[in-house]
Protein chains: 2
Amino acid sequence: MGSSPPGDQGGSDGVRRTRPVTITDIARVTGVVPSTVSRALNKPGRVSAATRDRIQAAARELNYVPNSQARALISGRTGTIAVLISDVTNPFYFGLIRGTQQRLKAAGYAQLLIDTEDSGEHEAEMLHKMRRSLDGAILAASRLPEGALTTLAGEIPLVAVNRNVRGVQSVVIDTPTGIGLAVEHLVNLGHRDIVYVAGPDTAWSNRARWRSMCAAGERYGQRFRQVGPFPRGRRSGSAAADAVLAAGATACVCFNDLFAIGMLPRLRERGVRVPGDLSVVGCDDIFGADFCHPPLTTLTGPIEQAGEVAVAMLLARLDEPGAEPDRRTVILPATLTVRESTGPPPERLANG
Amino acid sequence: MGSSPPGDQGGSDGVRRTRPVTITDIARVTGVVPSTVSRALNKPGRVSAATRDRIQAAARELNYVPNSQARALISGRTGTIAVLISDVTNPFYFGLIRGTQQRLKAAGYAQLLIDTEDSGEHEAEMLHKMRRSLDGAILAASRLPEGALTTLAGEIPLVAVNRNVRGVQSVVIDTPTGIGLAVEHLVNLGHRDIVYVAGPDTAWSNRARWRSMCAAGERYGQRFRQVGPFPRGRRSGSAAADAVLAAGATACVCFNDLFAIGMLPRLRERGVRVPGDLSVVGCDDIFGADFCHPPLTTLTGPIEQAGEVAVAMLLARLDEPGAEPDRRTVILPATLTVRESTGPPPERLANG
DNA sequence: CGATCGACGGCAATCGTTTGCCACGCTTTT
DNA sequence: AAAAGCGTGGCAAACGATTGCCGTCGATCG
């Protein structure tokens, strides 16, 4: 173990909770006053080398851990950052959480993970209630209306991910441009009739992706249609598949990989070959997109990096409260990863 | 929004942080003393109906949110439960987190997610440092030695998941028995030469699964071999696949689905058909096990329920601190889910 | 040799909330 | 009519750490 064999003075029984060591205990042992202990531990230059060493030794000896509640009461800083996601079970957040976790831990912060269950009200309520216990929050996929978001940003330092709103710092992965790439890819393959499989219309990224798809359509002189919106989650895949087939398209671009992956079994069930009869493009390149059947052509973004950047932005603001929050939005590029779910449309196959 | 339009007194500028409302503010407004406010809000029977209503109205009016730090300082209870997992990017934890999250939120607790990065030292250190900020912790896949775990359980209420250790409450999914089922399934298909693909030997469940596999072997008069151990993560799949092929087995049981899924592309690359040439069994039935190619035969456990039960056990203990911690271990059954990665061994195919 | 300064450590207030105790006034009991 | 009881609200002490201020001491400077 080495680092910290905890709890020496517990004694006989493991169950009885031992009263934690406070600076007062250390003060008593070393014969100084609590404030001196505080200084010896936090601003070592403020006390003489001798007492400092004596106190630090005692602190180590007694296995002292500062009470962050008490500290927070004065300083107002809790050392906790919340990360709000709309659904823990969406693998999209894996990378993000990993990125935030890593950076937060490195900076000595704790990460409070909150599942908002896709509800804006829930989100606002949680954030408002916990604002005293938080130094800041990272909003991944916020469902909040702009106004509420701006207001909240006045209460507590905020960084939004994949959501662009005036007055709130944010980092977005440029999937809209990526969508353009995907459409180009499909058009080059010969597709003309492409539909967008829409996600919940509360999702900012859904609207952004659809807009981008329309724009891409105009570039190629096409008016793309949309099916849905469908509720989040893989289960929507069946309905989405049926809708796409009903629309008679030769290709579809999905709001996210979860939809795309969910469509595949239903398509197989109905005897539709992918990509032979229908090309499918996903979005986000989540865990599973590379090993589903067929592996998914999708938009890959540096999601872990997005988490890291979001934390970095937030912490930078916390560390110098004087500086005005730079309202700059960091945009990270998304690339098209072509796998095996896209190919020429059936007509061209018949012709060729 | 309805529920809580926050921050009224902020005024002109959204950036300036508004000083939060305290009970003292409410006291001043309503003409009582802070302690009365506290009572009006927490033990409504203790004050007269008139003042209670007046105070509660004022609290609502001012949008009061209690400072949990200050409250924790006295009561010692922080309303936060930590959930420790060894790797956020392992989909195995999805269900667990979802289960804990759900139950914790319902009980008004916040969930602090901690990634221990598979390190026991890290785990102990985090837990020890944060013990003052936590009401309890749920250890999913603890890497701690028994002794440290028992000691820690004396410092802070603990519930372990998938780890059975004396003196610590726990809920385990009975994958060992499930392994027996898997072996039976393979033996019935005609397999005799089955290897176990081992995970990190720091993982308690890895050892439990291997023991169970040995026991199953004895029942069928076989001595199964083991390959590995391999480091956690899907990337180990290639090496695992090579090792299994080198061992010349006709079937393998993997420590977890991540290994199994990771093996598949490598096997395909080497021209090994699954299940034609090699049957593969996974464990845990994670996200992706049903849509990889071929879909995985694996052990399915009620992991979300495990999370719920773990929280329930923990909260039950917190609510009645008098009651001795019942050291009972809850065991949840795992079942074998047969998909398409298992079939008869190649010899038998040749004979048939 | 007396004035000035810096180093060091103690004192006490502070953060926001909870809670044991007391006081006051009214009702009920003997 | 005096005593006991109860309902209600105030007072003040906690909880643990931080921090501005002050006093003391020894060293340095003019």
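Colleague: How many residues surround DNA strand C, and which are the closest?

Modeller: Keep in mind that this is a predicted model. There are 24 residues around DNA strand C, and the closest are A:S35, A:V47, B:T22, B:S35 and B:A70.

Colleague: Which elements give two or more residues to that surface near DNA strand C?

Modeller: From chain A they are helix 2 (34-42) and helix 4 (68-75), and from chain B helix 1 (23-30), helix 2 (34-42) and helix 4 (68-75).

Colleague: And by class, what does the surface near DNA strand C have?

Modeller: Eleven nonpolar residues, eleven polar ones and two charged ones.

Colleague: OK, now strand D. Which residues are the closest there?

Modeller: DNA strand D is surrounded by 24 residues, with A:T22, A:S35, A:A70, B:S35 and B:V47 the closest. The elements giving two or more residues to the surface near DNA strand D are helix 1 (23-30), helix 2 and helix 4 of chain A, plus helix 2 and helix 4 of chain B. By class, the surface near DNA strand D has eleven nonpolar, eleven polar and two charged residues.

Colleague: Zooming out, how many residues does the contact take from chain A and from chain B?

Modeller: It takes 54 residues from chain A and 54 residues from chain B. On the side of chain A that touches chain B, at least two residues each come from helix 4, helix 5 (92-106), strand 2 (110-115), helix 6 (120-130), helix 7 (146-155) and helix 11 (257-269) of chain A.

Colleague: Which helix of chain A gives the most to that side?

Modeller: Helix 7 of chain A, with seven residues. The residues on the side of chain A that touches chain B split into 27 nonpolar, 20 polar and seven charged.

Colleague: What about chain A by itself, how many helices and strands?

Modeller: Chain A has 13 helices and twelve strands. Its radius of gyration is 26 Å, whereas a compact globule of 352 residues would be near 20 Å. The C-alpha atoms of chain A fill a box of roughly 95 × 45 × 35 Å along the principal axes.

Colleague: Back to the helices. How do helix 1 and helix 3 of chain A pack?

Modeller: Helix 1 of chain A and helix 3 (residues 49-62) of chain A pack at about 125°, with axes 10 Å apart. Helix 1 of chain A and helix 3 of chain A are therefore oblique to each other, and the crossing is right-handed. Helix 1 of chain A uses A:D25, A:I26, A:V29 and A:T30 for the contact, and helix 3 of chain A uses A:R54, A:I55, A:A58, A:A59 and A:L62.

Colleague: And helix 10 against helix 11 in chain B, at what angle do they pack?

Modeller: About 70°, with the axes of helix 10 (residues 236-247) of chain B and helix 11 of chain B 7 Å apart. That makes helix 10 of chain B roughly perpendicular to helix 11 of chain B.

Colleague: What is the phi of B:D118?

Modeller: Positive, about 65°, although B:D118 is not a glycine. Most residues other than glycine have a negative phi. B:D118 is in the loop between strand 2 (110-115) and helix 6 (120-130) of chain B.

Note on methods: Residues are numbered from 1 along each chain as its sequence is written. Chains are lettered from A and ligands numbered from 1 in the order in which they are written. This is a predicted model: local features need pLDDT of at least 70, side-chain atom pairs count only at pLDDT 80 or more; totals for chains, interfaces and linings use all residues. A residue is near a molecule or strand if its C-beta atom, placed from the backbone, lies within 6 Å of it. Helices (H or I, at least four residues) and strands (E, at least two) are DSSP runs, numbered from the N terminus. Ala, Val, Leu, Ile, Met, Phe, Trp, Tyr, Cys and Pro count as nonpolar, Asp, Glu, Lys and Arg as charged, and the others, Gly among them, as polar. Two residues are in contact if their C-beta atoms, placed from the backbone, lie within 7 Å. Axes are lines fitted to C-alpha atoms, for helices over the stretch in contact, and angles run from 0 to 180 degrees between N-to-C directions. Angles under 35 degrees count as roughly parallel, over 145 as roughly antiparallel, 65 to 115 as roughly perpendicular and the rest as oblique. A crossing is left-handed if the near helix is turned anticlockwise from the far one by less than a right angle, and right-handed if clockwise. The radius of gyration is taken over C-alpha atoms; the globule rule is 2.2 Å times the number of residues to the power 0.38.
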